[in-house]
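Trainee: Hi! Could you walk me through this one while I have it open?
Mentor: Happy to, just ask as you go.

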Amino acid sequence: MTTDRPYETSHRAPGELRPGDIVQLTDPKGRPHTITLTEGKVFHTHKGALAHNDLMSAGEGAVVMSSNGTGYVVLRSRLEDFTLGMPRGAAVIYPKDAARIVATTNLANGARVLEAGAGSGALTAHLLTAVGPDGRVTSVERRADFADIATDNVTAWFGHRPPTWELIVGDFVDAALEPQFYDACILDMLAPWECVETVSACLRPGGVLVVYVATTTQLSRIGESLREHGGWTEPRAEESMVRTWHLEGLSVRPDHRMVAHTGFLLITRRLAPGAVLPPRRTRPAKGAYGEDYLPPGK
Ligand SMILES: C[S@@+](CC[C@H](N)C(=O)[O-])C[C@H]1O[C@@H](n2cnc3c(N)ncnc32)[C@H](O)[C@@H]1O
């Protein structure tokens, strides 16, 4: 079955729900349940049953009563709802970081993007959505079991395996990738510095590399590896924090709990082959490299 999930509502009647849609049912306590609509099926909660056909008849945005009279809000899942609830092999890239990655890599319909590893496929689904029907996403994943999980999740989200997606099972450094072909590459793995030569070969000049790492030691090592390679603009590092707020009457304040850390993004762009960055005008901070460090060429 194919659905129009990624390209959304333009050719649906307002509120129309169809078999194959992934929907969230939210109970009065705000707890979400995610189901895929199927003709004739019944969803059972401890607060009564809901027939999928009744949900489809009611449509998106309706409040539907379960068999024991509990009201559930019916909404199609957004990709961010889906990725946070889907089965995981490896840890996923959170929506806040995926959104930032899509923005900083400048992805749009027709872009060619490469990622490693695919893990659970959360970022893959964001990338496939961003590059649209004319783009291409190549994912490389060295663990076959994780590649299967990524395939299941991506297929569940799109309702079919997108023809714009290529999944290579193997190590990134061994993958046969077209030279200077990709507009962007995202590395999300433990040791991205092992992949600098490979990614340097397959990004086009001006292509954007984003490396997602969980720790500062990884961030330092990948930053220095890229500087040592020399074929990249000065790397920039950032992190995004989303703080949710309690919003009720006059009680308006940050929530007491938050997802305080996911990862850091290192962002850099590929120079043309043979191009050399002008010498840095700002000197490294005193002690940044330790007492024994000699700059390259000294
Ligand atoms: C944290 S997960 C990626 C999660 C993914 N970005 C997501 O949003 O679901 C890291 C993945 O990188 C894979 N990996 C690590 N090194 C790799 C390499 N050199 N080549 C290919 N895959 C690699 C691991 O097997 C793992 O599945």
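Trainee: Which elements each supply at least two residues of the shell around the ligand?
Mentor: Those are α4 (122-131) and β8 (136-141). Bear in mind that this is a predicted model.

Trainee: And which residues come nearest to the ligand?
Mentor: Of the 21 residues around the ligand, the nearest are Ala90, Gly117, Gly119, Ala122 and Met189.

Trainee: How does the shell split by class?
Mentor: There are 12 nonpolar residues, five charged and four polar in the shell around the ligand.

Trainee: Back to Gly117, where is it found?
Mentor: Look in the loop between β7 (112-116) and α4. While you are there, check the peptide bond between Ala116 and Gly117, which is cis, with omega about -15°. Most peptide bonds are trans, and most residues other than glycine have a negative phi.

Trainee: Speaking of phi, which residues other than glycine have a positive value?
Mentor: Asn106 is one of them, with phi near 65°, and Gln180 is another, with phi near 50°.

Trainee: Where do they sit?
Mentor: Asn106 is in the loop between α3 (95-104) and β7. Gln180 lies in the loop between β9 (165-169) and β10 (182-188).

Trainee: Why does Asn106 count as partly exposed?
Mentor: Because Asn106 has 13 C-beta neighbours inside 10 Å, and a residue needs 20 or more to be buried and 12 or fewer to be exposed. Gln180 is also partly exposed, because 14 other C-beta atoms lie within 10 Å.

Trainee: OK, changing topic: in the largest nonpolar core, which residues touch the most other members?
Mentor: Val113 and Cys185 do, out of 59 residues in that core. The core lies between domain 1 (18-77) and domain 2 (81-269), because both give residues to it.

Trainee: What is Cys185 in contact with, leaving aside its neighbours within four places in sequence?
Mentor: Cys185 is in contact with Leu114, Glu115, Val199, Leu203, Gly207 and Leu209.

Trainee: Zooming out, how many helices and strands are there?
Mentor: The protein has seven helices and 15 strands. Its C-alpha trace spans about 80 × 50 × 35 Å along the principal axes.

Trainee: What share of the residues count as buried?
Mentor: That comes to 32% of the 298 residues.

Methods. Residues numbered from 1 in each chain as written. Predicted model: local features only at pLDDT ≥ 70, side-chain atom pairs only at ≥ 80, totals over all residues. Core = buried A, V, L, I, M, F, W, Y, C linked by C-beta atoms within 7 Å. Domains from an automatic or database assignment. Contact = placed C-beta atoms within 7 Å. Helix = DSSP H or I, 4+ residues; strand = E, 2+ residues; numbered from the N terminus. Near = placed C-beta within 6 Å. Nonpolar A, V, L, I, M, F, W, Y, C, P; charged D, E, K, R; others polar.
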